[in-house]
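Me: I have a structure to go through with you. Can we take it piece by piece?

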Amino acid sequence: MTTQFPVTNEGADGTTGPAPVDTSTPLLEIHDLEISFTTGSGEVQAVRGADLTVYPGQSVAIVGESGSGKSTTAAAIIDLLPGTGKITGGSIRFDGRELVGAPRAEKEALRGRAIGLVPQDPMSNLNPVWRIGTQVEEALKANGFKGSKADLRARVAEVLAEAGLPDAARRSRQYPHEFSGGMRQRALIGIGLAARPQLLIADEPTSALDVTVQRQILDHLEGMTRDLGTALLFITHDLGLAAERAEHLLVMFKGKVVESGPAREILADPRHPYTQRLVASAPSLASRRIQTAHVHGEESPELLAHHADEPPAAGPATVVETKNLSKVFQIRGPRPGSSTDFTAVDDVSFTLGRGRTLAIVGESGSGKSTVANMVLGLLEPTSGSVEFDGVDLASLNAKEAFAFRRRVQPVFQNPYGSLDPMFSIFRSIEEPLRLHSVGSAKEREARVRELLDMVSLPQSAMRRFPNELSGGQRQRIAIARALALKPEVIVLDEAVSALDVLVQAQVLDLLGDLQTELGLSYLFITHDLAVVRQIADDVVVMQNGKVVEQATTDEVFDSPREQYTRDLLAAIPGAGLVGDEIAG
Amino acid sequence: MLWYLGRRLLQVIPVFLGATLLLYAMVFLRPGDPVAALGGERGLPESVQEQIRADYNLDQPFIVQYLLFLRGVVTLDFGVDFRGREITEVIANAFPVTIQLALMALVIEAVFGIGFGLFAGMRKGGIFDGTALVISLLFIAVPTFVVGFVMQIVVGVQLGWLPVSAGRDPDFVSLLMPALVLAAVSFAYVLRLTRTSVAENLSADYVRTARARGLNRSQVTGRHVLRNSLIPVVTFLGADIGALMSGAIITEGIFNINGVGGTLYDAIIRGESVTVVSLTTVLVLVYIGANLLVDLLYAALDPRIRYA
């Protein structure tokens, strides 16, 4: 089914027939590629002179933060640049053929047949109104599948089964919304490889999935491309993941490839300053508790010892305690009046010590955000209690509840969504102060300035609006707003999950500094164990609403008791590489 | 699904009762005495007026009149109007032509609105798109009767392409111009809705992914852009069926068609509450039916929607 194109870059020698897989001639060769977008304020160059080479059967990863041009480069290969993007210079040669400036039909013919794509977000990349099988069928038919309807159906099931979808024949009759994220991504992988392309572009294929699912999917993708001899161009923001999954690594920064080489070499010996920073801050590669290091100026190994010395029982006083917390939601059934109970949180008890950080870890659907909402007093527990400073939240009257809100503040995952776009930064930070009638207008303004200093933002940011700021800056604003009322506890619900690695490291540093400075206690909700290691003192691991493991961070990382925790730990990308680094 | 359908049909009952009660009250409360007005300038003798009031139960209190009307609905016997015609017959005479007119308008606005909208949305910002937007704005801004009269003069009189008015028992050709006029405003809305929806869907991730798996432009447009874009358009078209039927009143007036519009207008002038309420009730039922149809179509177009 693969289409062979004559290899012309070495000069046609007149041979015909099936060409043997030649691993010395590049399959894809990008040279000096330049891409720009037209915006209201003129041309913006997204890619400035990128070079990259993929040999047949090779796996290459492009690493970079958002805006580095990695996805744009990949989109250019298959001529699917979004919006106003266009190639302004350079060349893309695929299998010896120049693609820049090639007729549309020619590029269209390559898509699917010679170059497959596994897109980023499985939730939005399948058309919700067509059955999964229909969408696989399309891919087969568009790429020259000839055969009867029954053959086609059999082949669809085969493609899905190959991608690791159980019960594929039945599943192919279902719609995307009946699939979980992982299953959708499997279907998309199946579609991407359906026509047996020579190159598969996987653009952040698992960023939207839970870590354990992520690993299964990547394992499968790796196995399939290896068996089929497909070259893999893997795009990710996660250096650990890239190093673990690809032979060859390319680091992109501001539209340029700044470093390129074998994955392990780059990890061990990063040359470019950007790569060095990336390696240093990647949470999955080198993770130690941040906060105390700032206070004592200790090196990491000493720090570990320091923490081990601390007897956890003799820790500081408790600020938040939950006792047998449960939350049951009623889900409306198909018939009027019928409903089923869904237990989101089941008998969860933990304590958050004053000045400490407790991480609640779990995959999506584990109930961790529901716990956060109950601690914040935004959701009423079905049974059990949340005690703040020894007082049960359920016993508070309206006035006391209002006062309680000053002492516990949230920071949410998406800084794009949690800041009102119509509010200036000043208004956003000042709002809680005004709401609780704190100080005069002048005092409030002084407090906002002080808060901006605390989160290391210039005071001039006050007059700006959220859309003028970057994601990291917005999250700093959200933190400043949470700090406005001088709370004792901050609930951080996936607060750094949406940020690029470097920005994430900065925000985590900031949180650590603020904690020592202000004696804050953090309830840190996350799915990312690598981050937990950097910030948390204690860890609660949740699965399906229940607590499966509860211990200090070091205990959980060094000697996890439960299988589920071990699975989560093993799923941290690059976890295996750290051991090598230390050993070597 | 059956539960949903059953529940929706049950909902018809309170809507029907509420609508008829309101309508009946409004007609009852209108100023003036319809029976006194029957005799014109000189007026009818008092005894005759009394007789008519008794015959039509107009001497009964409001609630009794309303209950009598409800009994008529249940037994499908609405009684007779002041001219002695069976009201069921009046309905049967008035509705077919209006339904034909409304359906013709619906087809016109759907075909041209979706077609032009798709074309405009595919090339958003292009010349066709700009022209379509300006023209549709014109249709929305200019009142229906102006469009009607202009069409009559230009297409009917000057060009002579279509008959100027329809008259009694109109055929397809003579209904064509009224249908075009009736469709004009909704056509503009359908065009704009389709255009926005298509333009939005074109940049959807699954469209890009569909192209990445090798589908060509027409396949992507037909299978992935159009179907998804039609979901909001179908909602609008369904709700528009009812609006077209009541909106036909003006158009029927311009083109001299004896449909629901004309009949209803006459009945209101004469104060025949039963006729008015009966005709309007049928319109209400058409609205409800159209909405139910839309919801079912919606589920057919979008498998994510399951009625629970």
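Reply: One term before we start: a crossing of two helices is called left-handed if the near helix is turned anticlockwise from the far one by less than a right angle, and right-handed if clockwise. Also, this is a predicted model.

Me: Which hand does the crossing of helix 6 of chain B with helix 8 of chain B have, left or right?

Reply: Helix 6 of chain B passes helix 8 of chain B in a left-handed crossing. Helix 6 covers residues 127–141 of chain B and helix 8 covers residues 172–202 of chain B. Their axes come within 8 Å and cross at roughly 145°.

Me: Which residues meet there?

Reply: From helix 6 of chain B they are B:A132, B:S136, B:F139 and B:I140. Helix 8 of chain B brings B:A184, B:V185, B:F187, B:A188, B:L191 and B:R192. By class, this contact of helix 6 with helix 8 of chain B has eight nonpolar, one polar and one charged residues.

Me: Zoom out. How many helices and strands are in chain B?

Reply: Chain B has 12 helices and zero strands. The C-alpha trace of chain B spans about 85 × 55 × 30 Å along its principal axes.

Me: And what share of chain B is buried?

Reply: Of the 308 residues of chain B, 34% count as buried. Buried here takes 20 or more other C-beta atoms within 10 Å of the residue's own. As for contacts in chain B between residues at least 6 apart in sequence, 73% join residues at least 24 apart.

Me: What does UniProt list for residues 95–294 of chain B?

Reply: The UniProt entry, which is unreviewed, lists "domain: ABC transmembrane type-1" for residues 95–294 of chain B. In the model that span is 84% helix and 0% strand, and its end C-alpha atoms lie 21 Å apart.

Me: How many residues of chain B are in contact with chain A?

Reply: There are 22 residues of chain B in contact with 27 residues of chain A. On the chain B side, helix 1 (2–29), helix 9 (205–212) and helix 10 (217–255) each supply at least two residues.

Me: Which helix of chain B gives the most?

Reply: Helix 9 of chain B, with seven residues. By class, the side of chain B that touches chain A has eight nonpolar, six polar and eight charged residues.

Me: In what order do the four strands of the open sheet in chain A run?

Reply: The order is 2-1-4-5, and the pairing is antiparallel. Strand 2 (42–54) and strand 5 (97–98) of chain A each have a single partner strand, so one side of each has no neighbour in the sheet.

Me: How many bridges join strand 4 of chain A to strand 5 of chain A?

Reply: Two bridges join them. A:R93 stands opposite A:E98 in strand 5 of chain A.

Me: Which strands does helix 1 of chain A lie across?

Reply: Helix 1 (residues 70–77) of chain A lies across strand 1 (28–39), strand 2 and strand 4 of chain A. Helix 1 runs at about 110° to strand 1 of chain A.

Me: Back to strand 4 of chain A. What does A:G89 touch?

Reply: A:G89 lies in strand 4 of chain A. Leaving out residues up to four places away in sequence, A:G89 touches A:D32 and A:E34. A:G89 and A:I35 are 54 residues apart in sequence but 7.1 Å apart in space, C-alpha to C-alpha.

Me: Why is A:G89 classed as partly exposed?

Reply: Because A:G89 has 15 other C-beta atoms within 10 Å. The partly exposed class lies between 12 or fewer for exposed and 20 or more for buried.

Me: What sits between strand 9 and strand 10 of chain A?

Reply: Two residues, in a hairpin. A:K254 in the turn has a positive phi of about 50°. Six bridges join strand 9 (residues 248–253) to strand 10 (residues 256–262) of chain A, and the two run antiparallel. The bridge partner of A:L250 is A:S260 in strand 10 of chain A.

Me: Last one: how many residues of helix 13 of chain A are buried?

Reply: Eight of its eight residues, 368–375 of chain A, are buried. Among them are A:K368 and A:N373. Helix 13 of chain A is followed by A:G377, which has a positive phi near 75°.

Notes. Residues numbered from 1 in each chain as written. Chains lettered and ligands numbered in written order. Predicted model: local features only at pLDDT ≥ 70, side-chain atom pairs only at ≥ 80, totals over all residues. Contact = placed C-beta atoms within 7 Å. Nonpolar A, V, L, I, M, F, W, Y, C, P; charged D, E, K, R; others polar. UniProt positions renumbered as here; feature names shortened; annotations may be inferred. Pairing = 2+ DSSP bridges. Axes fitted to C-alpha atoms, helices over the stretch in contact; angles between N-to-C directions.
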